[in-house]
Amino acid sequence: MDLEQLRKTAAEVVARDDVKYLIGWKKGSYGSRVAPAFVEDAASVIELIFSPSCTANLATYLTLVEKTPLPRGQETDKRKVALMAKGCDSRAVVQLLVEKGIHREDVIVIGCPCPGMIDQSLLAGKYGDTEERSEVRWNGKDFTLVRGGDEIEIPRNDVLAEKCRLCRHPNPVISDYLIGEAVKEWDPAEDSGVGELEAKDVDGRGDYWEGQFSRCVRCYSCRNVCPLCYCQDCILDRLNPTWINRAVNFSENTAFNISRAFHLAGRCIECGECERVCPANIPLGKINRKMAREVREKYGFEPGLDPDAEPFQASFKPDDPEDFIL
Amino acid sequence: MLLNKEKWPEFVEKLIGKNLWAPKLEGEAMRFALVAEGEEVSLEYGNTRVPPKGTAFPQTETMYRFQLGNTDMQEPKLEEERILLGVRPCDARAMAIIEKLFRWDYDDPYFLKRREMLTLVGLACNDPGLNCFCPSVGGAPDSAEGLDLLMYDLGDSFLMESVTTKGEALLAETKELLTDSDADAVKTKEKLFADAGAKIKRTVDHIGIPEGLPGLWEDPLWRRVSASCIGCATCTYLCPTCHCFDIQDEVEGFEARRCRMWDSCMFEEYTLHTSGHNTRPTRRERTRNRINHKYSYYVDKFDVIACVGCGRCINLCPVNIDIVEILRQVKEELQ
Amino acid sequence: MSENYEPNIVAFLCNWCSYAGADLAGTSRVQYPANIQVIRVMCSGRVNPLYVMNALQQGADGVLVSGCHPGDCHYMEGNFYARRRLGMLKDLMEFVGVDPRRFHMSWVSASEGNKWKEVVEKTVEDAREAGPFEGFRRRQIDW
């Protein structure tokens with residue numbers, strides 16, 4: 001990734017009058033963490049980075065801004081927002097366009113072809129973690145960890161995030177600016193996590209998920225971090241009627257997790273954020289990927305690729321499969 | 001008193017019948033759970049993922065049950081006594097800190113009863129975590145505040161020091177496994193935990209922050225630090241000192257229960273009024289409240305910072321919002 | 001499972017076809033199991049997947065959703081949406097460990113009293129085989 005080109009493009013974009021800010025990544029507060037950066041002026045573009053630590057999906061910030069009531073006579077800020085987007089992030093943008101969650105003219109996509117991201121917990125587990133800042137870089141095939149003057153070679157598959165192992169679209173599917181060259185796509189690994197579960201019988205799966213869902217603390221970080229969970233009035237916050245009680249127990253946790261997964265069926269773009277942020281380490285990605293695969297194989301639909309597509313659950317085909325109907 | 005590590009399994013065995021809870025690996029993270037018969041307890045962990053505050057302040061607790069159209073209430077029986085083994089000093093301190101709130105304008109029966117039935121056996125930290133900063137906020141890797149009994153890992157034995165009568169009673173019960181401590185052990189302990197304190201790299205300089213925070217009410221700082229917040233409750237639910245709760249009625253057919261459950265100031269509906277007005281409409285106000293509550297309001301009311309420096313909110317924030325970094329910026333603004 | 005276990009089935013029937021079909025079964029004195037609790041909705045496309053989940057949570061052992069045959073929907077295309085959504089739901093529930101025999105969907109028109117009988121028999125039989133639902137029922141868990 002050419003940081004010079006990135007910063008030059010970013011400076012050019014944020015200098016425009018019709019751009020509010022650019023959402024990108026900057027160095028985080030410790031270790032090899034990165035944090036989202038909101039760049040408002042050309043002088044701050046220097047803090048922008050793009051490294052294998054940029055696992056987070058920034059498309060979630062497009063819909064996260066609260067719409068508070070404005071004083072009389074004041075108009076809403078209609079300026080554009082620029083966004084650095086990897087392959088999966090750009091698919092989230094496309095899906096948001098499909099659902100009209102955002103409008104094409106309101107967003108500038110700075111496409112960043114992505115050679116694969118790391119999983120911080122894998123990295124910390126295998127190579128330790130430091131309070132001191134470190135950096136991870138791509139070095140062609142593998143990763144290099146630069147920490148305290150040392151350079152540690154890390155084999156790609158040691159720390160590659162699961163979503164990247166399974167990735168089918170590492171290059172941005174839409175972009176207004178493309179930084180660097182498109183990367184060569186790799187063969188997605190077989191989804192062994194889902195496969196193992198499918199091999200179990202239905203009770204075995206029930207036991208597995210009972211163990212997982214019982215741990216859920218209902219912090220809703222999976223919902224909030226998801227770029228496609230952006231309802232103004234979420235069913236989980238509703239009190240009248242209360243579909244899903246606030247109480248934390250296996251019953252309500254399962255109801256919550258099923259409804260969350262169902263709302264994402266045919267919409268999930270497999271960015272793996274829900275799984276990454278879960279403080280209880282619940283493998284939510286498995287459910288989402290399973291649903292995404294069903295949609296792909298049974299209905300021949302893949303979300304987040306075509307901005308002109310119809311939303312999956314709000315459309316139908318006369319010949320949809322109906323083998324399950326009595 | 002000293003407990004040789006060879007006697008450790010016996011010591012645990014003695015406690016198991018008494019509703020013993022200890023950190024257990026669940027998935028990839030440690031969590032306090034009931035220790036069943038014949039199970040081994042390992043104390044090799046940094047900090048549990050979810051703090052043990054839930055043992056006195058459960059995430060969901062039934063206050064009473066009732067039937068629709070009937071004014072009779074049935075109060076559930078509170079759980080029996082339990083022993084928590086291997087509580088980190090920061091988490092124990094947090095229990096002492098939130099107890100101040102639950103004793104504030106009236107004595108909260110639920111928390112206090114549960115708290116009374118707990119015996120906290122602490123384990124001092126030999127190897128504090130990456131984002132720990134307890135010494136900056138009044139704690140220490142070997143602080144005994146809030147604990148009944150504190151164990152120090154000296155390598156081949158544990159040095160046990162009772163703090164309260166409950167702790168003494170526990171030591172008396174396991175007397176035959178223990179040997180008297182000597183001056184050497186105490187010396188080793190002091191050296192070990194001075195070293196442990198020195199391993200902590202992160203610091204917060206809170207001098208002037210409690211008084212200064214209200215003056216920064218409209219500071220642009222809050223928009224800056226909250227811009228990346230996604231508004232989840234990871235930082236608050238996993239915080240050992242966060243104690244906000246909500247009370248809701250749950251109805252099933254004709255039966256109902258009133259229960260109280262954790263709530264988080266980072267949620268949008270936390271301050272949402274029935275009218276539709278929200279007093280903290282954006283993440284800016286919510287983040288400001290979180291920091292103010294911990295470092296200003298609580299100090300104002302109870303004279304103690306409601307943050308024990310356990311580092312959970314830093315470790316687990318999905319978007320790397322770092323309370324140490326926020327406080328550094330606050331300090332900068334104040335100067 | 002006790003000998004005299006009778007499954008509790010919640011059925012969501014569309015107003016225009018399946019409800020009329022069940023009605024016809026009744027007026028024609030067709031005998032079918034009485035384990036069904038019918039909830040009439042205007043269209044099968046109106047059945048929110050949450051209804052299915054909530055029924056199971058609140059004590060149903062099985063759920064049936066029935067609508068008009070494809071192409072016969074009173075609202076032109078409601079049942080097509082239902083087919084897609086509830087088909088996904090069935091896959092999802094199966095993946096998280098809910099027995100697929102607990103959830104069925106059928107097309108029953110207003111003239112198919114006998115088909116209605118078959119559908120109910122099959123649904124009840126399946127739920128009976130699957131046994132009482134103990135998965136994520138609300139009242140079984142620390143209530």
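Helices (H or I, at least four residues) and strands (E, at least two) are DSSP runs, numbered from the N terminus. Residues are numbered from 1 along each chain as its sequence is written, while chains are lettered from A and ligands numbered from 1 in the order in which they are written. As the model is predicted, local features need pLDDT of at least 70 and side-chain atom pairs count only at pLDDT 80 or more, though totals for chains, interfaces and linings use all residues; side-chain values use heavy atoms, with hydrogens and water left out.

E3(C) and E4(C) run parallel and pair over 5 bridges (DSSP has to find at least two for a pair). Val63(C) sits opposite Phe103(C) of E4(C). Strand E4 (residues 103-107) of chain C has 5 of its 5 residues buried, so the rest of the structure largely encloses it. Buried means under 20% relative accessible area, exposed over 50%, and partly exposed in between (1.4 Å probe, protein chains only). Phe103(C), Met105(C) and Trp107(C) point one way from the strand, His104(C) and Ser106(C) the other.

Arg84(C), Met88(C) and Phe95(C) supply 24% of what chain C buries against chain A, more than any other three residues. The interface holds 4 salt bridges (a side-chain nitrogen of Lys or Arg within 4 Å of a carboxyl oxygen of Asp or Glu). One of them links Asp320(A) to Arg84(C), with the closest N and O atoms 3.0 Å apart. On the chain C side, H3(C) gives the most, with 15 residues.

Over in chain B, Arg202(B) lies in the loop between helix H5 (183-199) and helix H6 (209-212). Its relative accessibility is 6%, so Arg202(B) counts as buried. The side chain of Arg202(B) makes polar contacts with the side chains of Asp322(B) at 2.7 Å and Glu131(A) at 3.3 Å. A polar contact is a pair of N or O atoms within 3.5 Å; within protein, one must be able to donate a hydrogen and the other to accept it, and residues adjacent in sequence count only if both atoms are side-chain atoms.

Technical notes
Buried area = accessible area lost by both parts, 1.4 Å probe.
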